[in-house]
Amino acid sequence: MRSIELVLDPDADDAVRAAWQALTAADLPSLGRSGTNSPHVTLAAGDDLPVPEGFDVPVPTTLRLGGVLLFPAGPDRSVLVRAVVVDPALAAFHAAVHRGAPGAVETSLPGAWSPHLTFARRVRDVDLPAAVAALRSAPLPETLAVGGVRHWDGETKTVTPVA
């Protein structure tokens, strides 16, 4: 799978990693355990997603966070995320990404996309109260600064900066 992702500036990246660490310290699932993952918001994903040559609208400078969301991750398990609010700048950029790199899966297309920052995968339902409490111990700012755009190729494990 390939993806095009917004990455965060160093301060915002550190804030998200602090939240990941709070989950780890509580002995809960956390993306901070991977050692290779970095905080990001996926804009497009697909098996043959090309590296875009550029975009016809500017990259958003900030992301506004919404509430905690859960995505299904199998029986009695959830993916724990924070929603990212789709403002006009983010919506325009998201559409530009899809114009510049066609071929994404339906769930990342405009109109079906649920932008988010992931904190943990496969959290047991019984552990959700502890996970929310851990996230509260490392509060994030309301807005996070964007640091750039990258293309990720999961097959080759290659990151290509795009903007």
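Guide: Let's start with helix α2, which covers residues 88–100. Its 13 residues should span 18 Å at 1.5 Å a residue, and because its end C-alpha atoms are 18 Å apart, the two values agree. The expected span is 1.5 Å times one less than the number of residues. Helices here are DSSP runs of H or I with at least four residues, strands are runs of E with at least two, and both are numbered from the N terminus.

A word on the source: this is a predicted model, in which local features need pLDDT of at least 70 and side-chain atom pairs count only at pLDDT 80 or more, while totals for chains, interfaces and linings use all residues. Residues are numbered from 1 along each chain as its sequence is written, and side-chain values use heavy atoms, with hydrogens and water left out.

Buried means under 20% relative accessible area, exposed means over 50%, and partly exposed is in between, using a 1.4 Å probe and protein chains only.

What lies over these buried residues? Contact here means heavy atoms within 4.5 Å.

Now pick out Phe-93, which is buried with a relative accessible area of 0%. The structure holds one aromatic pair, and Phe-93 forms it with Phe-55: the arrangement is edge-to-face, 4.8 Å centre to centre, with 65° between the planes. Rings of Phe, Tyr and Trp (its six-membered ring) pair if their centres lie within 6.5 Å; planes under 30 degrees apart count as stacked, over 60 as edge-to-face and the rest as tilted. Phe-55 sits in the loop between β2 and β3 while Phe-93 belongs to helix α2, so the pair ties together parts that are 38 residues apart in sequence.

α1 has 16 residues and reaches 22 Å from its first C-alpha to its last, close to the 22 Å expected at 1.5 Å a residue. Among its buried residues are Ala-12, Val-16 and Trp-20, and the cover over the buried residues of α1 includes β1, β4, β5 (116–124), α3 (128–136) and β6. Just after α1, Asp-27 takes a positive phi of about 60°.
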